[in-house]
Amino acid sequence: MDWQARQLNGKIFTVRYVDSQHQIHLEETGIALIPGVDQYEVVK
């Protein structure tokens, strides 16, 4: 797990948008989650 992933672990973020490559861009961080690579949980 890289240092950015450790910083995000256990926190809740807002999805800003999903791009054409299906990467999930987060409002608060400026980074994207990659489905199938990154682990995340959807919370409603």
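**Pairing and contacts around strand β2**

Author: Strands β2 and β3 pair in the antiparallel sense, over two bridges. This is a predicted model, where local features need pLDDT of at least 70, side-chain atom pairs count only at pLDDT 80 or more, and totals for chains, interfaces and linings use all residues. Residues are numbered from 1 along each chain as its sequence is written, and side-chain values use heavy atoms, with hydrogens and water left out.

Reader: Why are β2 and β3 said to pair?

Author: Two strands pair if DSSP finds at least two bridges between them. β2 and β3 have two bridges, so the pairing holds. A strand here is a DSSP run of E with at least two residues, numbered from the N terminus.

Reader: What makes β1 and β3 edge strands?

Author: The three strands form an open sheet in the order β1-β2-β3, with antiparallel pairing. β1 (15-18) and β3 each pair on one side only, and that places them at the edges.

Reader: What lies between β1 and β2 in the hairpin?

Author: Five residues separate β1 and β2 in the hairpin. Histidine 22 belongs to this loop, and its phi is near 70 degrees, a positive value in a residue other than glycine. Aspartate 19 is placed in the loop between β1 and β2 as well.

Reader: Why is histidine 22 called exposed?

Author: The scale uses relative accessible area: buried is under 20%, exposed is over 50%, and partly exposed is in between (1.4 Å probe, protein chains only). Histidine 22 has 56%, so it counts as exposed.

Reader: Why does histidine 25 count as buried?

Author: Histidine 25, in strand β2, has a relative accessibility of 16%. That value falls under the limit for buried residues, so the label applies.

Reader: What makes the link between the side chains of histidine 25 and aspartate 19 a polar contact?

Author: A polar contact is a pair of N or O atoms within 3.5 Å; within protein, one must be able to donate a hydrogen and the other to accept it, and residues adjacent in sequence count only if both atoms are side-chain atoms. The side chains of histidine 25 and aspartate 19 are in contact at 2.9 Å, so the distance is within the limit. The side chain of aspartate 19 also has a polar atom 2.9 Å from the backbone nitrogen of glutamine 21.

Reader: Why is the meeting of arginine 16 and glutamate 27 called a salt bridge?

Author: A salt bridge needs a side-chain nitrogen of Lys or Arg within 4 Å of a carboxyl oxygen of Asp or Glu. The N to O distance between the side chains of arginine 16 and glutamate 27 is 3.8 Å, so the pair qualifies. The two residues are eleven apart and link distant parts of the chain: arginine 16 is in strand β1, glutamate 27 in the loop between β2 and β3. The search of the whole structure finds one salt bridge.

Reader: Are arginine 16 and glutamate 27 buried, partly exposed or exposed?

Author: Arginine 16 has a relative accessible area of 54%, so it is exposed. Glutamate 27 has 42%, so it is partly exposed.

How values were computed: Helices (H or I, at least four residues) and strands (E, at least two) are DSSP runs, numbered from the N terminus.
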